[in-house]
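Here is a set of questions from a reader meeting a structure for the very first time. Each answer sets a value against the term it is judged by.

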Amino acid sequence: SLAVLGLYNNMFSGSLPSEIGLLDNLLYLNLRNNVLNGTLPSEIGLLTNLQYLILEGNKLSGPLPTEILRMTNLTQLELSGNRFSEEEVDDVMVALGLDFSCNETTVEVKLATDDSPDETTWEITIGDGSVVASGGGYTMGTIAYEEKVCVPLDGCNFTLFDQDQDGGPTVEITRLEKVYQIDGSFTDKVVVDICA
């Protein structure tokens, strides 16, 4: 009952086999930055428990199978860097409720959990301490989560919390094309000014 499959950055080539649909307990599939080509098999739609499907940075092409719309538990779908029709990808993202638009400032949070993911939370606050974005509820350990949030321009204070007070999770925060990193060397919390 495999739940996590991360085979990213390996230069694997060839097409994604139809047998991928047999991994029906899979929650996380990351095949980023390989050399996979061909079309996505329709059997990908059998992965209805999947929450994260990350296929960016390959050479996949052709029409997206309509069966992908069965994947209603997806919280992250990354298909960029392939040869799919941008319009078709946008349509799938909208249909699955994964489209993102922001009229303020977009902040990307890439968080790699430690062995105790449920102890990790984060928040972004403005000057008066009001929380304008937050994250948590992570369930899979040693997994890279990626989230985008929309915050006011003065949403500058990023705080990472570790309930067990042993640090561990690492974070990369991108705001207005500037990258900030937290290496996991902290106890209960670390605060980073992401407007500096």
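Q: What makes a side chain part of a salt bridge?
A: A side-chain nitrogen of Lys or Arg must lie within 4 Å of a carboxyl oxygen of Asp or Glu. Keep in mind that this is a predicted model.

Q: How do you know that Glu-119 has no salt bridge?
A: Look at the nearest side chain of opposite charge. That is Lys-189, 17 Å away. A salt bridge needs its two atoms within 4 Å. Therefore Glu-119, with Lys-189 at 17 Å, has none.

Q: Where is Glu-119, and what does Glu-119 touch?
A: Glu-119 sits in the loop between β8 (105-112) and β9 (120-125). Beyond residues up to four places away in sequence, Glu-119 touches Phe-161, Asp-162, Gln-163, Asp-164 and Asp-166.

Q: Why is Ile-68 called buried?
A: Its relative accessible area is 0%. Buried means under 20%. So Ile-68 counts as buried.

Q: Where is Ile-68, and which residues is Ile-68 in contact with?
A: Ile-68 lies in the loop between β6 (59-60) and β7. Neighbours within four places in sequence aside, its contacts are Leu-40, Gly-45, Val-92 and Leu-96. As for Ala-144, 76 residues separate it from Ile-68 in sequence, and 22 Å in space, C-alpha to C-alpha.

Q: Why do β1 and β3 count as paired?
A: Two strands pair if there are at least two bridges between them. Here 3 bridges join β1 to β3 (residues 28-30), so the two strands pair. They run parallel. Leu-5 stands opposite Leu-29 in β3.

Q: What is the order of the strands in the open sheet?
A: The order is β1-β3-β5-β7, 4 strands with parallel pairing. β1 (4-6) and β7 (76-78) are the edge strands, as each pairs on one side only. From one strand to the next, the twist averages 10°.

Q: Which residues of the largest nonpolar core touch the most other members?
A: They are Leu-29, Leu-40, Leu-50, Leu-53, Met-71, Leu-74 and Leu-77, in a core of 26 residues. Helix α1 (residues 86-95) gives the most to this core, with 3 residues.

Q: Which residues does Leu-29 touch?
A: Residues up to four places away in sequence are not counted. Leu-29 then touches Leu-5, Ile-20, Leu-50, Tyr-52, Leu-53 and Ile-54.

Methods: Residues are numbered from 1 along each chain as its sequence is written. This is a predicted model: local features need pLDDT of at least 70, side-chain atom pairs count only at pLDDT 80 or more; totals for chains, interfaces and linings use all residues. Side-chain values use heavy atoms; hydrogens and water are left out. Axes are lines fitted to C-alpha atoms, for helices over the stretch in contact, and angles run from 0 to 180 degrees between N-to-C directions. Buried means under 20% relative accessible area, exposed over 50%, partly exposed in between (1.4 Å probe, protein chains only). Lys and Arg count as positive and Asp and Glu as negative; His and the chain ends are not counted. Contact means heavy atoms within 4.5 Å. A nonpolar core is a set of buried Ala, Val, Leu, Ile, Met, Phe, Trp, Tyr and Cys residues joined through side-chain atoms within 4.5 Å.
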